[in-house]
Every structure is written in C-alpha cells, then in structure tokens.
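Good morning, colleagues. Please turn to the sequence and the structure on the screen, and I shall then take you through a few of its features.

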Amino acid sequence: MDLSAINPILLLASLMVAATPILLAATGELIAEKAGVLNLGVEGMMIFGAICGFATAVETGSPWLGFLAASVGGAVLSLLFVILTQLALANQVASGLALTLFGLGLSALLGQGYVGVKPPPTPDLHIPGLSQIPFVGEILFTHDVVLYFSIVLVALVWLFLRSTRAGLILRAVGENHDAAHALGYKVVLIRSLAIVFGGACAGLGGAYISLVRVPQWTEGMTAGVGWIALALVVFASWRPWRVLIGAYLFGGITVLQLNLQAAGVAIPVEYLAMSPYIITIVVLVLLSRDKARAPAALGRIFHASS
Amino acid sequence: MNRRSLLTSAIVAFGLAAGGAAAQDKTKVGFIYVGPVGDGGWTYEHNVGRLAIEEEFGDAVETTYVESVAEGPDAERVLTQMALGGADLIFTTSFGFMDPTINVAKKFPDVKFEHATGYKRADNVSTYSARFYEGRAVQGTIAGEMTESNIVGYIGSYPIPEVIRGINAAFLAARAVNPDVEFKIVWAYTWFDPAKEADAAKVLIEQGADVILQHTDSTAPQAAAQAAGNVITFGQASDMSEYAPRPRVSSIIDNWAPYYIERTKAVMDGTWESSDVWHGINEGMVGIGEISDAVPAEVKEKALALKDSIAAGETHPFTGPINKQDGSVWLEDGETADDGTLLGMNFYVEGIEGSIPN
C-alpha cells in the first residue's frame, strides 16, 4: 500500500470533473419532477447532447458553441416528450423510456462520422488571484466554466424554488395540478417549460462527458449516467443542495476507489467497486429522514376538463 | 395437450410454412454483442467479422445482430428470440454470455452456437478464442523498454482468466527487458463505460504511470492518455490507429473474419461439429498493429523479433522458471505452460503487487 501515491489536489480536481455531468442532469430532472413530470428520458437526452455538443465543437472549433448546441439539442429532444405527455397525454414512464431508446439510436447515427475525432480543448478558467492560493486555489479555481456553472445552477434552482413566486407556482403545479389550474395557472405550459429546462441541463451534462471528461465520441458513452442522475433526485428527496452532495459523493467515491485500487490498498476490490452506490444511498437516506416526500402529482397526467 | 407441446407444434407448423415459402434457402447467422458496434474496439472487430461473412457468401446468407446486450438473463432472452427467428448459427461474443448460451442451446438442439472466450461446450455449442496473451507479451516488451517512471498502468475489466493471463504475460515480458518495472492494476468492473475507463486511465497517470495497457473495449483511455501528454498506450482488440503515432504505439487486433467464414461454410455444408479453437499470432487470429515511429527502432526490432518467434512456435510467453505470486514454483526452468492451466489462470506471477478480486 502506498497512499502517498495519491495526490489529494489531483484527486479533488478529478472528483469535481466526475461529478459534474451527474449534477447537471440531476438538477434539470429535479425541476421537471418538482413540476410533477417524471421524465425517464434523461439518459437519451444526455447522449443526444453529447453528440450535438461534440459535433458542433468539432465543426466550429469552439467548445462554447458545442455546449450551447448540446443544451439546445437536449431541449429539442425533450420537446418530443412534451408533445407525447403534455399534448397527447401519453403515459410518462413509457414515453420516457422511449425517449432514452430514441436518443441512444439517433446519437449513434449522427455520431458515425465522429469516431476517433479529437475535440477542441475546453480551456480552464484560471481566476486571477484566487487560483494562486496554494492548495485550495489549485483544487477550486482552475477548472472550466461549465463546472462552475453547474454549481451556480444549483444555487439558482434552490433560490428559484424557495424564494420566487414563479418557483412557488411550479411547485404548486407539481403538488396539485387541479388546484393550480383552478387558480388560473397554465399547467401544461409550466410543465412543458420545466421539461425543456430538464432537457437542456441533461444535454449540457452529456456534452461535459464528450468534451471534457473523456474527451471523445463513442456510441453509448454515457453508459447509464442518466439513470444515476434520476435515482439521485429521488434519494436527494428533491432538494437541490442534496443533489449536489449526492453527485459529489458519487463522483468522488468513484474516483477515490480507483485511486485506492491503484495505490494497492488492502480492501477487496469488490467492496471498492460498489462503494460509490452504497455510500451515496446511505448518506442521502440518512439526510432525508425528515418529512421529505415526492411532489404529490408526480407522474400523473393532467387533463384540463377532468 | 399441455402448453409446451402446443408451443412446439406451433413452432413446427411455423417452420413448415416458412420452409414451404423457401425461406430456408438462406443460412441465417446471428450475433449478440456486449457493447455497441461503434465502440472502436472489441465489438467493432466482431462486427467486421460479421460483415466479412456477408461479403463472402452474398445472398446465400442473412446476418443479424443485437448490440449492447447485458451479460445475464437479458442475453438468454435475446438468444431465444434469435433462435425462434430461424437462426442456423449464432455467435455469442462475450465471456458473460457463456451460461445463457448453454441454456438456450439446450432448448434448440438444431441451432449451432459459437461462444467466444468461454470454456463450456455442448454438442451444438463450440467455443473459440484467440491467444491474446501472445500479443500482450509483445506489448509488455515495448512497455518495459519505453517506461521512464517504471510504472505501467493496467486497466482490467473483470477478474476472469483471460484478463489475468494478459496481465501476467505483459508483466513477464516487461520484467524480462526491465527488472525495475512495476504494474499498477485497476479493475473497472465493466467492459464498456468510456467515462469510467477514462477515469481509470487518469488515476493511473496521476499515480505515475507513463504506459497504459487496457483490457476494456472503448478508446476512452487513449483519449485520456493523449490529453495527459507524455503517456503511451496500446490499441485493444482493434487497431485504434486514430490515436497513432502517439499515444497509441501498437495494438492487438482481433481478426475473427477467417474463423467466422469457415464456421458459416461448415453450417452450409452440414459439416459443422462442436469444437474448441484457440488460435494465436501464427494462425492470424491475433494481429499486432503497426508499431509507430514513437518507438525507437531497436525496441521495435526487439518486439517484432518476439512476435515472429512466438508465431514460429519457438518462444512461449509462459516459459519457466516462473513462480506464482506467493513464491511457489509454477514452471520449472524451460517448462512451458499447458493450455489447461492458462485457460483457468487465477493467480498472478511473482512480482505483481496486490491481489485478484474473487
């Protein structure tokens, strides 16, 4: 065993990178679920965002246009879900699964010309002054903009849900759509916007994998991250900061266990390999011992005349 | 009439009807893959083999495939569906498809099955694999010569004999040319998960490795090594030449096409028999991708000499004296490993740190 081989600065830095795609996708899904919509298509929107972002970044040479295209791509794909569940009143679970399958297939088709291509690098943001602080500065202030944006987004979503009138309306729609409708709020419109926001976030998360974390395009490269994001929203009991804790725990332990393996720590590898799942679940379950519960209208179909 | 016999007679009736419609003229060949065909590695090469069958026999065959099939019960479902769909020959191309293949083969005695990298056979189930460890020895030679930090990182998938064999072969070859070299091994517990594979590569690089060997299917570790800079890698299963000349300095290429064509021919001629094939560099099932200019000429020469010597049968990558990790004697001086031990290999050789997960 040689723990000194693990560099804590690099460990913490790669932890944040590993957590960001999950965090982005989960934050988007949180808003959708708070509005009462269960969208199981996160994986499909992520992978679609991954290829949209990758292709655009390669073609234009700009990672920023890539990230923009990724969120637009995710949002466009989520419009399909809007049409199915909000206009055609289809079952949300089935529509979400269909969206995942569709996204995986469509991205594989679009990505055929991009296998083995190298994307333009996403520059790190060296915040003047702050990044020169020893240790802390290197860990916290030398990442790319999207990583910081994901944290800011969590804060904004938290503020939005907690202290704004629009956030209150969104929650009302998610708790009791009939009452919200009776008060004159446009349930379908609000839910549609929430779904599109979720799609944009998932697309951004996908592009973070294909442009920063790996960086390359491979078919099926999200490999289940979308499903982890979905589970995370539930275990975080629909609270933004808990989603952040969960994502960093999961990403962090995933990277940490690989580090421990490489350093030859005498813990059986099977336990290390399952530790991210177990520890994340245990911590979030302990955190949510209070009266946390799902939005009351989650997954239910709203029809104005019923 | 119970439900099963009803089902059987329905299938027979369907078969007769289909036979009458002359649909039986074509030989149907099915494939199930563990990853997507676009993985750029393992599954990609199996799909190249499938396309070679179509190329060879044209209209006389019809091939189908299902990709990204999970190892386990899901595989059994897909295989059953394929067999019911009239497949004559089915290739199952991942170690974890072993038990599903055997189970489904029992239910369809007239369908021929070919399982890659496994060890369970039946009258209608053959197994086939390639001696990847021969290629690993060539990689190990280059790795041992090229490393400056003397730390070689190895990304394992699952702790099965095939992967352990590859680690041992690479390690022995690396130690033979560089007595100070050490291996750091990380188990990803997946065949295909680009993000995780990239993480594993990054972790190994952060801990000092300047050579990365991978036994997972995607090109993600190559991308991670490229981003890190001064690190070399090897293509796995496929040439991965898009990452040449650096980081990818050479590769192991799985060449399944000749075998797939031969077995399809056997089914067409009615001469198919259950068999067990384990071919290496000599038969062409294991190819060594071009060694790039990033490798010094004398190292390249050494690696190619080893390759030729293995192909000619003069060198066996596991030639004694070799001790097991615990120090006990495995092979005496000059003794070579028998296939039985290699196929069930569940131990590290002396000098590798760490233990194999159960």
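How many salt bridges are counted between chain B and chain A? The count for this pair of chains is 1 salt bridge. Please bear in mind throughout that this is a predicted model.

Over all chains, a search of the whole structure finds 10 salt bridges.

I turn now to the interface as a whole. Chain B contributes 33 residues to the contact, and chain A contributes 28 residues. Between them the two chains bury about 2600 Å², and 55% of this area is on carbon and sulfur atoms. Which three residues supply more than any other three of the area that chain B buries against chain A? They are B:Asp199, B:Glu206 and B:Gln207, which supply 21% of that area.

Helix α11 (residues 240-263) of chain A and helix α7 (residues 194-206) of chain B have axes that come within 9 Å and cross at roughly 45°. The two helices are therefore oblique to each other, and their crossing is right-handed. From α11(A), the contact involves A:Val255, A:Gln257, A:Leu258, A:Asn259 and A:Ala262. From α7(B), it involves B:Lys196, B:Asp199, B:Ala200, B:Val203, B:Leu204 and B:Glu206. By class, the residues of this contact are 6 nonpolar, 2 polar and 3 charged.

Helix α5 (residues 132-146) and helix α6 (residues 161-177) of chain B pack at an angle of about 40°, their axes being 7 Å apart. The crossing of α5(B) and α6(B) is right-handed. Residues of α5(B) in this contact include B:Phe132, B:Tyr133, B:Gly140 and B:Gly144. Among those they meet in α6(B) are B:Gly166, B:Ala169, B:Ala170, B:Ala173 and B:Ala174. The residues of the contact divide into 8 nonpolar, 4 polar and 4 charged.

Thank you for your attention.

Technical notes:
Residues numbered from 1 in each chain as written. Chains lettered and ligands numbered in written order. Predicted model: local features only at pLDDT ≥ 70, side-chain atom pairs only at ≥ 80, totals over all residues. Heavy atoms only, no water. Axes fitted to C-alpha atoms, helices over the stretch in contact; angles between N-to-C directions. Helix = DSSP H or I, 4+ residues; strand = E, 2+ residues; numbered from the N terminus. Parallel < 35°, antiparallel > 145°, perpendicular 65-115°, else oblique. Left-handed = near helix turned anticlockwise from the far one by under 90°. Contact = heavy atoms within 4.5 Å. Nonpolar A, V, L, I, M, F, W, Y, C, P; charged D, E, K, R; others polar. Buried area = accessible area lost by both parts, 1.4 Å probe. Salt bridge = Lys/Arg side-chain N within 4 Å of Asp/Glu carboxyl O.
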